[in-house]
Amino acid sequence: MKQSAYPYYPGCTLKASAKEYDISARLVCAQMGIKLEELDDWVCCGAASAHGIDRLLSIALPARELVTAQKFKAPLVTACALCFSRFKFAAYELRNEAMRNLIKYIIGEGEIQQNSDGVIHLIQLLDNNKDDIRVKKLLNGLRVACYYGCLLVRPKEVTNFDDEEEPQIMDKLIKLVEAETVDWKFKTECCGGSHMLTRPDIVIKLSHRLLYQAKQAGADCLAVACPVCHYNLDSNQKKIEANYKDNIGLPVFYFTQLVGLAMELSPKQLLLNKHFVNPMPLLQRKGLI
Amino acid sequence: MARVGVFVCHCGTNIAGVVNIPEVLEAAEKMPMVVSATDNKYSCSEPGQASIREAIIENNLNRVIVAACSPRMHEITFRRALASAGLNPYLLEMANIREQCSWVHSDNKEIATNKAIEIIKMAVAKVIRHEPLYPRQVGITKRALVIGGGITGIQTALDIANAGYGVVLVEREPSIGGRMAQLDKTFPTLDCSACILTPKMVDLSQHPKIKLMTYAEVKKVTGFIGNFEVEILHKAKKVDHLKCIGCGICWQKCPEKVPSEFDLGLGKRTAIYIPFAQAVPPKPVIDLSHCRYTKYLTWVATGQEGKKPPECRICEKLCPTAAIAWDQEEQLFTEKFGTIVVATGYQTYDYSHYKEYGSRDFADVITGLQLERLMSASGPTGGEVTRLSDGSHPKTVAFVCCVGSRDQQRGRPYCSKVCCMYTAKQAIMLKEHDPEVQCYIFYIDVRAGGKDFEEFYLRAIDEAGVIYIKGRPSKIYQDGKKLIVLGEDTLMGRPVEIPVDLVVLATGMEPSAGADELARNLNISYDTYNFMVEAHPKLRPVETHTDGIFVAGACVGPRDIPECVAQGSAAAAKVAALFSQDTLTTEPLIAVVNQARCIGCLLCVTICPFKAVDYQTTQDGRLIAATNESLCKGCGLCIAACRPKAIDLRGFTNQQILDEVAGLWL
């Protein structure tokens, strides 16, 4: 099997509440012969707050990591959608020479190369190397609603990820492991994001709509690529059900966990037991474990 | 021997306030061949012109220089002055010492005076080589071609014909009528659209001066103003319209039902069809892509593979006048015209790019034009507005303005102008159809500029109780039987979520398909959206940069019906004015080819933006370029491109330009 290495920026949530995303990502990549090399001494990307407080700071923080990643010949891989968005925004802003000089002055180290393709999301990494995904167990019968969230696709001129309304890249991966993907209109609608801390009423409403619509579309579970989406849809699901007196019961997977299952990694390895909505009954029912 | 007169104009203080006139006169008198140099306070005034006339006669002048303003300003004025003194008007040269001298050097009088002298020096060197030129007269074919049979084309054709000139109207659909025929009512008067349109359609079909060619397309255009040759393709109707009496038995009995284009897929038509009941001509064509007999013939011709289709031919068996003509093929005819009016109109924006609005996935999301068909008494539902999903009557309706308009992300930044008013009209009409209906209109701005438009908009709010919400919806989705419209009320600053039974997208206007190809054929300009470009948006709204070709109506930009009618009449007035002359005078300042020098590279043919350079073979068999005097605008591009310097522009010959430069050093 070929071996390749990519610089990897896990971000803060993947070290804590979304640990299962980090672990499953590394396992899946290892199976594909891809080594994710975590950046040395990485700092916060500034997501959720820096860009609302100080524009320069919000560019300088990711720019510092972009400089660190430059020594690799491969693009920087991020798994969290918020980190991805911040890195893409920084790369977009750094196309401007005056901004490059200013940021270089702020971070005070290294030359900043002008390369807006220097950052990719984990989905893109898997998609680019999909021939290396060795499927050992097909996930037949599982009906998955792929939920991309807002930050991967928007704004298109910055992230250049996929269609803003009807993205397909995650659907293609899930279809590759022979699970079924449902056609639904809420792939990129807002889950409420970090407003869970300040306006939980809004987040509960928006997340309920997503879960309800996924269920209406006939999904048994959701696949996500963002730790904040996962938090709102999974750990809040009980609260949402109570609030709307609605029985939803949809497990929420990271897409890496589903790909990992198809690689015959065990649920324990993939930390499926970390989810609030227990996915095991569904997987047992479908005969997948 | 040239006898040059120089007339220096003060232009009040415009020139005299900066340029030292006596010094200029003194210098001018000493220039070669100059017989007299005089000044005038205002040369263009009647006394000023009279003094030029007198000087010409008194000094026996045969070349004149007026040192004054730009030739764009008064060249024609002074040419007339020369003509009235018995001199060929093209023996004039303007020396521009105002725009190019006094106005731009007002801070330095000395430099300005020297420059004025040098400009006059150059003019003297050039004017000496002026030759008398004579305009040419060309005949006119007094027959107009109107392309497009919507309300604009109909109005244009009727007005030209009523002025007494022949008209051919070409329409690519089987019937004239265009978009207006599809509308139910018109704003702001709520006139029945068909009731005011169909009499005009009938007038047109019965007018002795108008020849109607439906199911036909313009393929190729050559020639020039007064003398166009146009190739018109007559598509195969497969019905002999001379024999057909329009009884209707064929389209009633034809067994093949297909979605009707006229009803925008909401209703059905047959394979042999007229698009709508009041169609003109009221005679059918056979749609070969759906006709069963045609499918049978294809099956026979391709080796009889697969299941044998029915032979059908029911229309042929039932036709009382034996008008079905299977042997009729498409035909190309060439006709001559003096002018061409383009009135190809618009189509509505295809909203499938709007994925957030469902991209046509929801049966109960329709377009404004589809709602017109549903509201029309002659429409597919007989005027009942029902949902396509379950046939129920909608009680709540949301309208979304600016779909495919004012949206830079979709490449449609322009306003389509009519949507604000037609959504208000449709909301009012829905309330009249059913008083229980509640309408919501999502808008960006309500643009009600027009006679009685604002009052009409207020009527929608006051009488029909329409709720206007300022903001473009972010998403439309299906929830059970309802459609949920998500958006923001930007005035209240809060999100809105409205469940409705029906959503109407006010899709914007774009030029009809193929407008760009037609414009290229006609050699007229079109913009990035394929709208035709007028010669001047304010002062020459129906003319184009190609003489003899006019544009009118929604093919130029979004327009409502009154504007289209006004433009149609305006284009007709231009045509009639042209046809009131027996010959056309053409400008003699054009490019001429020196046959002996031309090497036949024909670079000029490809470079000419007016298609005015063609080629011909000389008696000794050489290929050479030849300019068309009627098409040439004298732009000079071919002259710059000509390698052996075989082309010269009359009045601006290569020699004259060199002399001008040399004249500076005299």
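In which loop of chain A is A:Lys245 found? I looked it up in the predicted model. A:Lys245 sits in the loop between α11 (237–244) and β8 (252–254) of chain A. I flagged A:Lys245 for its positive phi of about 50°, as it is not a glycine. I then checked accessibility. A:Lys245 counts as exposed because its relative accessibility is 76%, and the cut-off for exposed is over 50%.

I took B:Leu602 next. This non-glycine residue also has a positive phi, about 60°. I placed B:Leu602 in the loop between β31 (591–593) and α16 (603–607) of chain B. At 16% relative accessibility B:Leu602 counts as buried, because buried means under 20%.

I turned to cis peptide bonds. One joins B:Phe187 and B:Pro188, with omega about -10°. I found B:Pro188 in the loop between β8 (185–186) and β9 (191–192) of chain B. Another cis bond joins B:Val280 and B:Pro281, with omega about 0°. B:Pro281 lies in the loop between β15 (272–273) and β16 (285–286) of chain B.

Last, I went to the interface. Chain A and chain B bury about 970 Å² between them, 45% of it on carbon and sulfur atoms. A:Glu165, A:Lys185 and A:Arg209 supply 50% of the area that chain A buries against chain B. I counted 10 residues from chain A and 11 residues from chain B in the contact.

I listed 5 salt bridges between the chains. One of them pairs A:Arg209 with B:Glu497, closest N and O atoms 3.2 Å apart. The side of chain A that touches chain B has 2 nonpolar, 1 polar and 7 charged residues.

Note on methods:
Residues are numbered from 1 along each chain as its sequence is written. Chains are lettered from A and ligands numbered from 1 in the order in which they are written. This is a predicted model: local features need pLDDT of at least 70, side-chain atom pairs count only at pLDDT 80 or more; totals for chains, interfaces and linings use all residues. Side-chain values use heavy atoms; hydrogens and water are left out. Contact means heavy atoms within 4.5 Å. Buried area is the accessible area (1.4 Å probe) that two parts lose on being put together, summed over both. A salt bridge is a side-chain nitrogen of Lys or Arg within 4 Å of a carboxyl oxygen of Asp or Glu. Ala, Val, Leu, Ile, Met, Phe, Trp, Tyr, Cys and Pro count as nonpolar, Asp, Glu, Lys and Arg as charged, and the others, Gly among them, as polar. Helices (H or I, at least four residues) and strands (E, at least two) are DSSP runs, numbered from the N terminus. Buried means under 20% relative accessible area, exposed over 50%, partly exposed in between (1.4 Å probe, protein chains only).
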